[in-house]
Structure formats: C-alpha cells, structure tokens
Amino acid sequence: MTVALEAPFPVPSRLAMMMAALGPIAIGGILATRAGALTPIVAAPAIVFGVVAATAPALYIATAAAGHAPRLSVAARAFGVALGAFGIALAGLILPAAFLAMSSVSAMTTIVATTGALAGAAHLGLRRLARELDVGATVVGVLVFVTWSVATAGIAGRLWWDLAVEVVS
Amino acid sequence: MNAAIDARIDARIDATFEPSAQPALGVIDLLLRDRAAILARIRAGTGVPALLRAMIGTIAVTMTIVGAALGSYRGGIQIAYAAIKLPLVLLGTAALSAPALSAIGAALGRRSRLAADITLVMAALAFGSLLLVACTPLIMLGREMDLEYHRMILATVVMFSIAGVAALRVIWRAVALEAAPGWRTAIAGMCAVFALVGGQLSWALRPYLVRPRAPEAPFVRAVEGSLFDSISDELDSARGIYTRDSAPLPDVRQ
C-alpha cells in the first residue's frame, strides 16, 4: 500500500485539528440548546474521538494482516489528515445546521440537522482517509476499508442517535 | 488560441474595472455577456471585493423588483413586504451556504479561498436574479390576466427553478475549471446545503405571493408544519384536491 504525501489542506494543519476538536463541541452545543441539557457538548466530541481511537487500530491490524498496511507513522499521519478534513468540513456545515435547528419548532429537525452535519463531515473525512492510505490500489484494501468504515460509522452513528433522541425527548 | 482568448478576457476585464468605468453596470453587463471573464477574475483573485459588492447590489436590487412584482398579485402593503423579504432570503441563504463550498472542497484537498468562493456564489446568484427580473413581465402578465392563485404559484416555481439551474451552471463551470480533487462533491454538498437553508429561510419569511382576496397580509406567518408538507398540499390544491373547506375571506362589515 503506497501513501500520498501531498500538502493536506489550504489551511494550516494545526487550525484544521482545532476545527476537528471544536466542531463536535459546537454541534453538541446546538443539540444542547434545544434539549436544555449540557450532556451533548461533552458527549459529541467523546463519541467522535473515542470511536475513532477505539477502531483505528483495527484498521491498521486488518490492512497489515492483508499485507497492505503502510508504516505506522504514515498511517498515523493519514488519520491526522482525515480528522483535519472532518474538522474543516464540519466548520462549513455548523452554521447551516444551527440555522436549520434554531428556525424550526420541531426537535426532530434539530436531530436531523446536527446528525446530517456530522455524517457529511464524517463521510468527507473517510474519503480523505481512503485517499491518504491509497486503499483503492487493491481490492483487499477496498474491502478492508469499507468494512472498517461501516463498522466505525455504525458505532458512532448509533451512539450519537441514541444520545440525541434521549436528550430531546 | 487559449492565450488569445485570455488576452481578450483580460482586456475586457481591464476595461470594465477601469476607475472611469461605471463599475456596477459594467460588471452586470459582463455577467450577462461574458461570464468567462467574471470567472477568470474571481479565479485570479483580483478585484474580488469590488466584484462582490457589485454582485450583492445586483441581487438586492433585482430581487426587490421581483419581490415587488410578486407582492403586486395581492397589492397594497404586500408589495413592500415581498420586496423587502426576497433579497433577504437570497442573500441570507448565500451567506449561510457559500462557506460549505469552501469547507467541503478544502476537506478534500481543493485550494479553496473563502472570499473567492463567496464571490463566485454571489455572481451565480446575481446571474439567476437577473434572469428572474427578466421574468417580471410574465409575473405582471399573470396578475393582469387574474391567473388562478395556485397556477400563479406553480408559474413562479418554474421561473425560480430555471433561474436556479442557470445559477448552478455558473458555479459548476467555475469549479470544474479548477479540476481540483473533490470538486463535484463540493458542488453537490453546497447545493444540498443551499436547498435546505434556502427552503427553510424562505419558508420562515413567507408569504410572498398572497391571494388577492386575502383579508390581511402579514409580514411573516407563524412557524407551523414543514416546507415539505406545504409543497405536498400545494400540488394537491393545484389538482383541485383541498384539505380545508374554503380560503379565508375578508370580514363582512355591517
């Protein structure tokens, strides 16, 4: 498995990582405003970073076992770039999500808007990770990555949805 | 060949952006006749603030005219209400949605520049607004012919759809020229955000087109239901399927 080493973003990487850290807090804040509870502000970043931290080793192990893993440092850099991409994308989606949530009387609109923003940013982060790891080079690489992506998104999505429904109900 | 075209575009831009030229009218003329020149200017990043001001002004003026035309279907205070609200909807939606184009593109590796992307979106919307203002005589014709309310709404939707597609084409053409990674995703993402935000904002600030016999013309209506429920009801009403006994009538004074 070869790895692309291009300049990752048109913004400094440190800023991108800051966006990745603050973005989920902001999304949690939108939900917290609707629910009148502070839990989502803490839970949103915990879900994002917790699930990625918990499942990232699985991707490395699976690709290594399949004979396609890059060096550990390169894989770590790829995850950093993907998280940065997630943060930048989320930064562009926070304002529309906040507007949609605040201008509606329906709590479900808030859940759908915040979930949509997180899902969209996560999708772009995963696409960026796939490119950084060059998973498209082999069929096995694609299979491993798709399986890992579905599992990771499924876990994070379920945790987020359960949290959102619980706090607004 | 390309160099010759670039030289022609540069000469045209230089002439348009001369201090002696009338900036706003010159830019509008360029937008209508030679959008490649406008897109080249945005891509080069020169004269962007002046361009942005001209585009915002164009949208504000044209949508005020379109809003007034729509408001004239009922007449009275609704002319002023719609003329105020329609530019707010378009400019507000653009302000909320344009950063998504930059952010999604940047996440995928596009060399995004927020100011240039906002100007691009405003230029595209200004072009769409100009097409809409060109449709104003059709709106006035519908009013003069006493076109039935639901048909008038559908006619308005058709006009706005045509303008929207034309505006999208401008953005598509500009971003496609960059051939950056993820440009299609960036456009698709921005369109999705624009549709959702625009739908919600226009819904929140409705009504624009009010029945002539409506007793009152509120500046905005109370928040109720959802946009998608309303679209479904409107299609049913246009087919003669009504969910209520009658439309509101003026109070009968003794």
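Me: How many helices and how many strands are there in chain B?

Reply: This is a predicted model, in which local features need pLDDT of at least 70 and side-chain atom pairs count only at pLDDT 80 or more, while totals for chains, interfaces and linings use all residues. Residues are numbered from 1 along each chain as its sequence is written, and chains are lettered from A and ligands numbered from 1 in the order in which they are written. Helices are DSSP runs of H or I of at least four residues and strands are runs of E of at least two, numbered from the N terminus. Along the sequence, chain B follows the pattern α-α-α-α-α-α-α-α-α-α, and its count is 10 helices and 0 strands.

Me: What percentage of the residues in chain B are buried?

Reply: A residue is buried if 20 or more other C-beta atoms, placed from the backbone, lie within 10 Å of its own, exposed if 12 or fewer do, and partly exposed in between. Among the 254 residues in chain B, the buried share is 36%.

Me: How are helix 1 of chain A and helix 4 of chain A arranged, roughly parallel or roughly antiparallel?

Reply: Axes are lines fitted to C-alpha atoms, for helices over the stretch in contact, and angles run from 0 to 180 degrees between N-to-C directions. The axes of helix 1 of chain A and helix 4 of chain A are 9 Å apart, and the packing angle is about 175°. Angles under 35 degrees count as roughly parallel, over 145 as roughly antiparallel, 65 to 115 as roughly perpendicular and the rest as oblique. The two helices, helix 1 of chain A and helix 4 of chain A, are therefore roughly antiparallel.

Me: Which word describes helix 1 of chain A relative to helix 2 of chain A?

Reply: Helix 1 (residues 13-35) and helix 2 (residues 39-65) of chain A have axes that come within 7 Å and cross at roughly 140°. That angle makes helix 1 of chain A, relative to helix 2 of chain A, oblique.

Me: Which helix of chain A gives the largest share of the side that touches chain B?

Reply: In this interface, 19 residues of chain A are in contact with 19 residues of chain B. Helix 3 (72-102) and helix 4 (107-133) of chain A each supply at least two residues of the side of chain A that touches chain B. The largest share of that side, 10 residues, comes from helix 3 of chain A.

Me: Is B:Met55 buried or exposed?

Reply: B:Met55 is found in helix 4 (residues 48-71) of chain B, and apart from its neighbours within four places in sequence it is in contact with B:Thr119, B:Met122, B:Ala123 and B:Ala126. Because 28 other C-beta atoms lie within 10 Å, B:Met55 is buried.

Me: How is helix 4 of chain B oriented relative to helix 6 of chain B?

Reply: The axes of helix 4 and helix 6 of chain B are 8 Å apart, and the helices pack at an angle of about 30°. That makes helix 4 of chain B, relative to helix 6 of chain B, roughly parallel.

Me: How many of the 21 residues of helix 6 of chain B are buried?

Reply: Helix 6 (residues 114-134) of chain B should span 30 Å at 1.5 Å a residue, which agrees with its end C-alpha atoms being 30 Å apart; the expected span is 1.5 Å times one less than the number of residues. This helix 6 of chain B is mostly covered, and its number of buried residues is 15.

Me: Which residue does a cis peptide bond join to B:Arg206?

Reply: The residue in question lies in the loop between helix 9 (183-204) and helix 10 (227-238) of chain B. The bond has an omega of about 10°, and it joins B:Arg206 to B:Pro207.

Me: Is B:Asp146 buried or exposed?

Reply: B:Asp146 has a positive phi of about 50° although it is not a glycine, and its place is in the loop between helix 7 (136-144) and helix 8 (149-178) of chain B. Because 10 other C-beta atoms lie within 10 Å, B:Asp146 is exposed.

Conventions
Contact = placed C-beta atoms within 7 Å.
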